[in-house]
Amino acid sequence: MKIGIVCYPTFGGSGVVATELGKGLASKGHEVHFITYNKPARLDFFLENLYYHEVSISQYPLFDFPPYESALASKLVDVVRFEELDILHVHYAIPHASAAYLAKQILKTYGINIPVVTTLHGTDITLVGKDKTFKPVVTFSINESDGVTTVSENLKSQTLEFFDITREIQVIPNFIDLNRFVNKNRLHFKKAIAPDDERILVHTSNFRKVKNTQDVVRIFHKVSQTIPSKLLMVGDGPERSNVEELSRQLGISNSVRFLGKQDAVEEILSVSDLFLMPSSSESFGLAALEAMACRVPVISSNIGGLPELNVPGVTGFLSDVDDIEDMAKNAIYILEDCERLETFKQAAYEHAKKFEISQILPQYEEYYQRTIDNS
Ligand code: GMT
C-alpha cells in the first residue's frame with residue numbers, strides 16, 4: 001500500500017506511535033509518506049520506501065495565526081495526487097482530521113477518492129477536544145473519517161460518551177519494538193547514579209500538568225524514607241521548574257536527577273527498578289509500556305487506559321489519582337524484597353511482549369485494507 005501519515009513530529013506519544021508505525025510499515029515493504037511541519041523526532045533511519053514531505057507556511061504580516069491547517073490540507077492534496085497514495089492515516093484529531101477532510105473534498109474535484117483513517121490518542125479527546133472551541137470540528141471530522149481508531153477501550157468509551165459519534169471505532173493499542181526497548185547492561189551508569197546500590201525510580205514525560213510530576217516527587221520522598229533510593233526525572237516541560245523547586249523544599253534534591261529530554265530512554269530504563277506514572281489523564285501510557293519492555297514494573301494511577309496495561313499485583317499496582325500514600329506503599333512493597341522485585345520485573349517484561357509491534361502492526365494493515373475496500 002501507499003500510505004500517507006500525518007502526525008505531530010515531536011517526542012509526544014502520538015508522534016512516536018505514528019512514526020514507529022510508519023517505520024514498521026515501510027520495513028514490511030509498504031511505501032510510507034510522512035507529511036508534517038518538521039521531520040518526526042523518531043524518523044532516524046533511511047529506507048528507500050520512506051518519504052518525508054515538509055509542510056511549510058508562508059509568513060504574511062496579516063497572519064497573526066499562520067493557517068497551518070490550510071497549508072497541511074494543500075500539501076495533502078499535492079502528495080495524494082502526485083504520489084498516488086491509497087490511504088491517509090492522521091494521528092491526533094486536531095487539526096489533522098479536519099485538514100484531511102478538507103483535502104478529501106478537494107481531491108474529489110480531481111476525481112480522486114482518498115480514504116482517511118483518524119487515530120485518536122488521548123488529549124485530542126479528553127482535554128482539547130472537549131473544549132467548546134474545538135468540539136464541533138472534532139465531532140464532525142471524526143464522523144467524516146472513513147475509519148476511526150483509538151488506542152484503548154477507555155478512550156473509545158470516552159469518545160462515545162462526550163461526542164455525538166456515528167462511526168464505528170476500532171481499538172488498536174499502542175505497541176513497542178522489543179529490539180529497541182530491551183534491558184541493556186549499563187552497570188557503569190547504574191553505579192554512577194546509585195553508588196551504594198540504592199534502588200532507582202524513574203519517571204519520563206513531557207512534564208505537562210496531566211502528568212502530575214509533583215506527585216512523582218512526593219511519592220519518591222515517602223519511599224526514600226524507608227528504602228535507600230534515587231529518582232531519575234527524564235523529559236522537560238512546563239512543570240519542570242515547579243518540580244525542581246518541590247524537591248528542594250522536601251530536602252531530597254541530592255537524590256533527584258533531572259536529565260532533560262533524552263533520545264536513548266531505553267538505556268535509562270535499563271538501570272531502573274520502578275517506573276512512576278501518577279497521571280490524572282492517560283489514554284494508554286506508552287511511557288509505562290516502554291518501561292515494562294525494559295523489565296521495569298509500574299506504579300501508576302488507575303485512570304484512562306492504564307488498567308488495560310498495568311496489571312495490579314503482577315506488573316505493578318494501580319491507585320486512585322493523587323493517592324500518594326497508596327502509591328508509595330505499593331512502591332515500597334515491590335522494592336523492599338529482592339526476590340519480589342525480580343518477579344515483578346519479569347512479569348512486566350512478559351506482559352509487554354503482548355504489545356510487540358509484530359502483533360499490532362497487522363491490525364493496522366487489516367484495518368487499512370478494510371477501509372479502502374469499503375470506501
Ligand atoms: O502523554 C502525552 O502528553 C502525549 C500524548 C500525545 O498526544 O502525544 O500521548 C497520548 O498518546 C499516547 C500514544 O497513543 C498515549 O500512550 C498517551 O497515554 C496519551 N497521553 C494522554 O492521554 C495524556
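Visitor: How many residues of domain 1 are in contact with residues of domain 2?
Guide: This is a predicted model, in which local features need pLDDT of at least 70, side-chain atom pairs count only at pLDDT 80 or more, and totals for chains, interfaces and linings use all residues. Residues are numbered from 1 along each chain as its sequence is written. Two residues are in contact if their C-beta atoms, placed from the backbone, lie within 7 Å. On the domain 2 side 13 residues take part, and on the domain 1 side the number is 20.

Visitor: Which elements give two or more residues to the side of domain 1 that touches domain 2?
Guide: Helices (H or I, at least four residues) and strands (E, at least two) are DSSP runs, numbered from the N terminus. The elements that meet this condition are α1, α6 (153-162) and α14 (357-374).

Visitor: How far apart do the C-alpha centres of domain 1 and domain 2 lie?
Guide: Domain bounds come from an automatic or database domain assignment. The chain is divided into domain 1 (2-175 + 356-374) and domain 2 (187-355). Their C-alpha centres are separated by 31 Å.

Visitor: Why does Leu-21 count as buried?
Guide: Leu-21 has its place in helix α1. A residue is buried if 20 or more other C-beta atoms lie within 10 Å of its own, exposed if 12 or fewer, and partly exposed in between, with C-beta atoms placed from the backbone. Leu-21 counts as buried because its C-beta neighbours inside 10 Å number 24.

Visitor: Which elements do the buried residues of α3 pack against?
Guide: The buried residues of α3 include Ala-93, His-96, Tyr-101 and Lys-104. The buried residues of this helix pack against β1 (2-6), α2 (68-83), β4 (87-91), β5 (116-120), α4 (123-126) and α5 (135-144).
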